[in-house]
Amino acid sequence: MGDTERSSILVHILVIALCLTAFGFAIAAERRRSTGSIVTDSFNSTFCVYDSDIATGYGVGAFLFLLSGQSLLMVVTKCMCFGKPLAPGGSRAWVTFIIAESCLIAGATKNAYHTRYRHMVYAGSWTCESLRKGVFITGAVFVVFTMILNVYFYMYYTKSTSQAAKKINKTTPNVGMTGYA
């Protein structure tokens, strides 16, 4: 097993591990979303009180793990841009990556906002706002899509670069051509 094969397997394992960790954090964030309840204080003022803020931390953690996985892959392939498919220098996982990151950071931000939100309520039928169900799940689904596309991208990237290296190193006999008089 050559050095390039070992490094290729190591990159695959690291990218998969980082993406699966991001997936786990996104699922945990969905399960621990903040919920609010209406409370009346001693002055007969009604306001919303929210429970734990742990989902915000999980959402940010998922964001950072996915970002580090994508960054690792882009540094290894020397690509920070869009390019041709199956050619060194391009990845099509950017769309799913951006969607996943957007869902994760938006969910974490909205969850944090509502956790700290307190408002006097004078209306009769008031409900406490909370993060909508499925925001972190959507992020988790796109984390998996990003992971799959990144694995295939890197697999085809290494295949194309190794084939290009073989073609360069291949020695072929030269045929001498002489000019006709």
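Predicted model: local features only at pLDDT ≥ 70, side-chain atom pairs only at ≥ 80, totals over all residues.
**Group meeting: a salt bridge, tyrosine pairs and helical spans**

How many salt bridges does the structure hold? One. In general, side chains of opposite charge can pair when their charged atoms come close. Are arginine 33 and glutamate 30 buried or exposed? Both arginine 33 and glutamate 30 are buried.

Next, the cysteines. Cysteine 103 has a relative accessible area of 17%. The cut-off for buried is under 20%, so cysteine 103 is buried too.

Now the aromatic rings. The count is seven aromatic pairs. One of them joins tyrosine 152 and tyrosine 156. Their ring centres are 6.3 Å apart and their planes sit at 20°, so this pair is stacked. Stacked needs planes under 30 degrees apart. Where do these two tyrosines lie? Tyrosine 152 and tyrosine 156 are both in helix 4, which covers residues 135–169. They are four residues apart, about one turn of the helix. On accessibility, tyrosine 152 comes out at 45% relative accessible area, so it is partly exposed. Tyrosine 156 has 35% relative accessibility, so tyrosine 156 is partly exposed as well.

There is another stacked pair, formed by tyrosine 154 and tyrosine 157. Here the distance is 6.3 Å centre to centre, with 20° between the planes. Tyrosine 154 and tyrosine 157 are three residues apart in helix 4, so about one helical turn separates them. Buried or exposed? Tyrosine 154 and tyrosine 157 are both buried.

Elsewhere, Phe25, Tyr58 and Phe65 make up one aromatic cluster.

Last topic: the record. Which residues does UniProt list as "transmembrane region"? The entry, which is unreviewed, gives 9–29, 60–81, 93–114 and 134–157. What does the model show for two of those spans? Residues 9–29 are 100% helix and 0% strand. The end C-alpha atoms of that span are 30 Å apart. Residues 134–157 are 96% helix, again with 0% strand. For residues 134–157, the end C-alpha atoms lie 34 Å apart.

Technical notes. Residues numbered from 1 in each chain as written. Heavy atoms only, no water. Phe/Tyr/Trp six-rings, centres within 6.5 Å; stacked < 30°, edge-to-face > 60°. Buried < 20%, exposed > 50% of the residue type's maximum accessible area, 1.4 Å probe, protein only. UniProt positions renumbered as here; feature names shortened; annotations may be inferred. Salt bridge = Lys/Arg side-chain N within 4 Å of Asp/Glu carboxyl O.
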